[in-house]
Amino acid sequence: ARKRKPQVLVSQGGGDVGRELLSAAIGAAARLPSLHFVLACGSRTPTDHIEALRHSATSNNVEVVPFMPDFVQQLGESALSINMGGDNTLLDVLATRTPSLAYAYQANPEQGIRIAAFAKKGLVHALNADDLTPERLKARIEHALAALPVQHHVAMDGARVTSERILSILDA
């Protein structure tokens with residue numbers, strides 16, 4: 001098992017949606033001083049929105065950063081991921097085996113369907129809009145950190161397998 005930092009990586013993906021998730025995480029962070037919260041804004045998040053988030057963080061255990069080039073490494077070192085449940089992020093969560101609270105962008109029904117399917121298999125914990133209060137999110141974070149990790153066997157080498165099969169057909 002990988003050594004994890006007492007860090008919660010909160011991410012909104014590549015876009016500029018999910019500010020309600022980042023704001024809720026700031027509120028929960030104030031109630032969980034033993035954890036370091038890193039809020040990774042989307043690559044399209046305007047600078048003034050990033051500054052507003054920084055200004056709203058009243059506790060010293062919150063760090064707001066723009067897009068993270070080493071996101072997957074940080075994810076693998078984090079005790080918990082709180083994310084928007086995009087397909088890339090959820091695959092990164094599976095690959096790094098990082099416990100996850102996933103929140104669907106409300107305007108994208110496909111994200112909610114994916115998160116529900118992952119949650120049903122125990123791969124993530126689903127968040128809903130009611131969970132985005134500081135106290136409820138704090139409780140959800142504590143629950144996710146205390147839960148036993150699900151031992152999943154998801155094949156993460158599809159590109160390699162596909163290329164090997166294509167090469168075997170070409171060689172035949």
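Tutor: A crossover is right-handed if, with the strands pointing away from the viewer, the path from the first strand over the helix to the second runs clockwise. β5, α5 and β6 make such a unit, a right-handed β-α-β. This is a predicted model, where local features need pLDDT of at least 70 and side-chain atom pairs 80 or more, while totals for chains, interfaces and linings use all residues. Residues are numbered from 1 along each chain as its sequence is written, and side-chain values use heavy atoms, without hydrogens and water.

Student: What makes β5 and β6 a pair?
Tutor: Pairing needs at least two bridges found by DSSP. Strand β6 (residues 125-127) has 3 bridges to β5, so the pair qualifies. The strands run parallel. Y103 stands opposite L127 in β6.

Student: How do you know that β4 pairs with β5?
Tutor: By the bridge count again: 3 bridges join β5 to strand β4 (residues 78-83), also in parallel.

Student: Which way do the β5 side chains point?
Tutor: S100 and A102 point one way, L101 and Y103 the other, and all are buried. In a regular strand the side chains alternate between the two faces of the sheet.

Student: Why is A144 called buried?
Tutor: Buried means under 20% relative accessible area, exposed over 50%, partly exposed in between (1.4 Å probe, protein chains only). A144 has 2%, so it counts as buried. This residue sits in helix α6. Beyond neighbours within four places in sequence, A144 contacts L80, P99, L101 and H125 (contact: heavy atoms within 4.5 Å).

Student: What makes R31 and E135 a salt bridge?
Tutor: The rule asks for a side-chain nitrogen of Lys or Arg within 4 Å of a carboxyl oxygen of Asp or Glu. The closest N and O atoms of R31 and E135 are 2.8 Å apart, so the pair passes. The bridge links distant parts of the chain, 104 residues apart: R31 in the loop between α1 (19-29) and β2 (36-40), E135 in helix α6 (residues 134-146). R31 is partly exposed at 36%, and E135 is partly exposed at 47%.

Student: How many salt bridges does this rule give?
Tutor: The count is 8. One of them joins E110 to R114, at 2.2 Å from N to O. E110 and R114 lie 4 residues apart in helix α5 (residues 109-120), about one turn.

Student: How is R114 classed, buried or exposed?
Tutor: R114 has 13% relative accessible area, so it is buried. E110 has 40%, so it is partly exposed.

Student: What makes D131 and R136 a salt bridge?
Tutor: Their N to O distance is 3.2 Å, so the pair meets the salt bridge rule. Shared partners join D131, R136 and R140 into one network. D131 is buried at 2%, whereas R136 is partly exposed at 44%.

Methods:
Helix = DSSP H or I, 4+ residues; strand = E, 2+ residues; numbered from the N terminus.
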